[in-house]
Amino acid sequence: HPRNWHIWSTEEKTAAGVTEVIEDTPPDSRLYNWSMDGDGNITSTAKALTDAGSGDSLVLGVKSSLKNEVKLQQKSLLSQTDWAVVRKSEKSTAIPSNIATWRDAIRTKATAMESAIDGAADTAAVAALFLSWDAEGNKSGILYDWPILGS
């Protein structure tokens, strides 16, 4: 079909044999396995929240995957100021107070995120943990709402 089909009237689309498909909105892939059929309809299944199997056949559940992501983000954030910790170790130069405070806040927030993940009873409760804003700009959720390093 031509690139401008979206400006055609319904009658023009019908005459040309164009059928408009309005796809369902896919669910969050971190929480659901899903597929879409040719008509845009989605079938989804919630992923397991807890780990399954062991050893080489271990499959991480949603909770373990999210906690690993929190740990990686924490590591990445802290690495930005590791230079101050190394300098303290090598030269006994004090870590700036804003950096020390921020590093403590990062660790505290990571612990709170992991506790919230552990405490989520079901997929809906996990979904509610993700940081989001409503139409009025009110923030909700705890995941990935990291403290900002102040000067």
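**Notes on the predicted model**

1. D37 sits in the loop that joins strand 1 (32-36) to strand 2 (42-46); helices (H or I, at least four residues) and strands (E, at least two) are DSSP runs, numbered from the N terminus. With a relative accessibility of 38%, D37 counts as partly exposed. Here buried means under 20% relative accessible area, exposed over 50%, and partly exposed in between (1.4 Å probe, protein chains only).

2. On provenance: this is a predicted model, in which local features need pLDDT of at least 70 and side-chain atom pairs count only at pLDDT 80 or more, while totals for chains, interfaces and linings use all residues. Residues are numbered from 1 along each chain as its sequence is written, and side-chain values use heavy atoms, with hydrogens and water left out.

3. D37 also belongs to a surface patch of negative charge, together with E23, D24 and D39. Patches are made of residues with over 30% relative accessible area and no salt bridge, like charges being joined within 9 Å and nonpolar side chains (Val, Leu, Ile, Met, Phe, Trp, Tyr) within 5 Å. Asp and Glu count as negative and Lys and Arg as positive, with His and the chain ends not counted. The place of a charge is taken as NZ of Lys, CZ of Arg, CG of Asp or CD of Glu. Accessible areas come from the Shrake-Rupley method with a 1.4 Å probe, and for residues only the protein chains shown count as cover.

4. How many salt bridges does the structure hold? There are six, a salt bridge being a side-chain nitrogen of Lys or Arg within 4 Å of a carboxyl oxygen of Asp or Glu. One of them pairs R30 with D28, at 2.7 Å from N to O. R30 is partly exposed, at 38% relative accessible area, and D28 is partly exposed as well, at 25%.

5. Another salt bridge joins the side chains of K67 and D118, with an N to O distance of 2.8 Å. K67 belongs to helix 2 and D118 to helix 4 (residues 97-119), so this pair ties together parts that are 51 residues apart in sequence. D118 has a relative accessible area of 43% and is partly exposed.

6. D104 and R107 form a salt bridge too, their closest N and O atoms lying 3.3 Å apart. The two residues are three apart in helix 4, so about one helical turn separates D104 from R107. D104 is partly exposed at 46% relative accessible area, and R107 is partly exposed at 36% relative accessibility.

7. Helix 4 also contains E114, which is buried, with a relative accessible area of 16%. Leaving out residues up to four places away in sequence, E114 touches K67, V70 and K71; contact means heavy atoms within 4.5 Å.

8. Beyond residues up to four places away in sequence, A116 touches L129 and I142.

9. S92, in the loop between helix 3 and helix 4, has a positive phi of about 60° although it is not a glycine. S92 is exposed, with 61% relative accessible area. Y144 is not a glycine either, and its phi is positive, near 70°. Y144 lies in the segment after strand 4 (139-140) and counts as buried, at 18% relative accessibility.

10. A94 is in the loop between helix 3 and helix 4 and counts as exposed, at 53% relative accessibility. Not counting residues up to four places away in sequence, A94 touches R87 and K88. The C-alpha atoms of A94 and A84 are separated by 8.0 Å, the two residues being ten apart along the chain.

11. Is T81 buried or exposed? At 3% relative accessibility, T81 counts as buried. T81 is placed in the loop between helix 2 (62-79) and helix 3 (82-91). Apart from neighbours within four places in sequence, T81 is in contact with I99, W102, R103 and L149.
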